[in-house]
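Student: I'd like to walk through this structure with you. Can we take it topic by topic?

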Amino acid sequence: MKQPTAKRVEVGEELPSFEKHIVQRQIDCFSGVRPNSIHTDAEWAKKKGFRAPLAQAMMSTAYVSQLMTAFLGEGFVRGGRMSVAFTKPVVEGDTLTVRGVVKSREAEGDATRVTVEVRCENQDGVMTMVGTASGLER
C-alpha cells in the first residue's frame, strides 16, 4: 500500500496504521542493560508487579515519529512537534498498533501545519499512548 502524503489527505482521514512487536532486545537498546531495572531485569520487573519488563515510553514516541515521517517526510523532521501522554504500560511481548487521524491543516508561514491525532494500542485494544503530532507541508 502506498503511503499517503499530506497533500492527498483531508482532515478526518486515517493514516495507514502499522504494528510493532515489542521484544526484549529493543527494550535493552533503549534502556541499556543493567540489574534491578524494570526495563531489563525480568525478575526485578515481576517483583515490582509487572508481568514482564516494561518498554521505555520513548519507544512509543519513536513509532509515532515513524508514522509522521512516513506521512510528512522532511516536514516532520524539520518542524515536527509531538505532545503525548502515556496511559498504560507496554511490556515485552506486547504488540502495539500505531494509528493516526488528520485533525487539522493550518497555514504557518509559507507552509501548512498538519496536525494528526495519534495513539498506540496494545494487542488487547487498550490505549497505551495518546496525543498529537504535527509537521509542516510545503
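Student: How many salt bridges does the structure hold?

Tutor: Nine. A salt bridge here is a side-chain nitrogen of Lys or Arg within 4 Å of a carboxyl oxygen of Asp or Glu. Some ground rules: this is a predicted model, where local features need pLDDT of at least 70, side-chain atom pairs count only at pLDDT 80 or more, and totals for chains, interfaces and linings use all residues. Residues are numbered from 1 along each chain as its sequence is written, and side-chain values use heavy atoms, with hydrogens and water left out.

Student: Which side chain meets Glu14 in a salt bridge?

Tutor: Arg99, at 3.8 Å, N to O. Glu14 lies in the segment before S1 and Arg99 in strand S3, so the pair ties together parts that are 85 residues apart in sequence. Strands are DSSP runs of E, at least two residues, and helices are runs of H or I, at least four, numbered from the N terminus.

Student: And Glu121, which side chain does that one meet?

Tutor: Arg99 again, at 3.2 Å, N to O. Glu121 sits in strand S4 and Arg99 in S3, so this pair ties together parts 22 residues apart in sequence.

Student: Is Glu121 buried or exposed?

Tutor: Buried, with a relative accessible area of 16%. Buried means under 20%, exposed over 50%, partly exposed in between (1.4 Å probe, protein chains only). Arg99 is partly exposed, at 22%.

Student: What about Glu137, what is its salt-bridge partner?

Tutor: Arg105, at 2.9 Å, N to O. The pair links distant parts of the chain: Glu137 is in strand S5 and Arg105 in strand S3, 32 residues apart. Glu137 is buried, at 11%, while Arg105 is partly exposed, at 29%.

Student: Which residues do shared partners join into one network?

Tutor: Glu14, Arg99, Arg119 and Glu121.

Student: New topic. What is the strand order in the sheet?

Tutor: S1-S3-S4-S5-S2, an open sheet of five strands with antiparallel pairing. Two strands pair if DSSP finds at least two bridges between them. S1 and S2 stand at the edges with a single partner strand each, so one side of each has no neighbour in the sheet.

Student: How many bridges pair S4 and S5?

Tutor: Ten, in the antiparallel sense. Arg119 has Val130 in S5 as its bridge partner. Helix H3 (residues 57-72) packs on the sheet, touching S1, S2, S3, S4 and S5. Contact means heavy atoms within 4.5 Å.

Conventions:
Axes fitted to C-alpha atoms, helices over the stretch in contact; angles between N-to-C directions.
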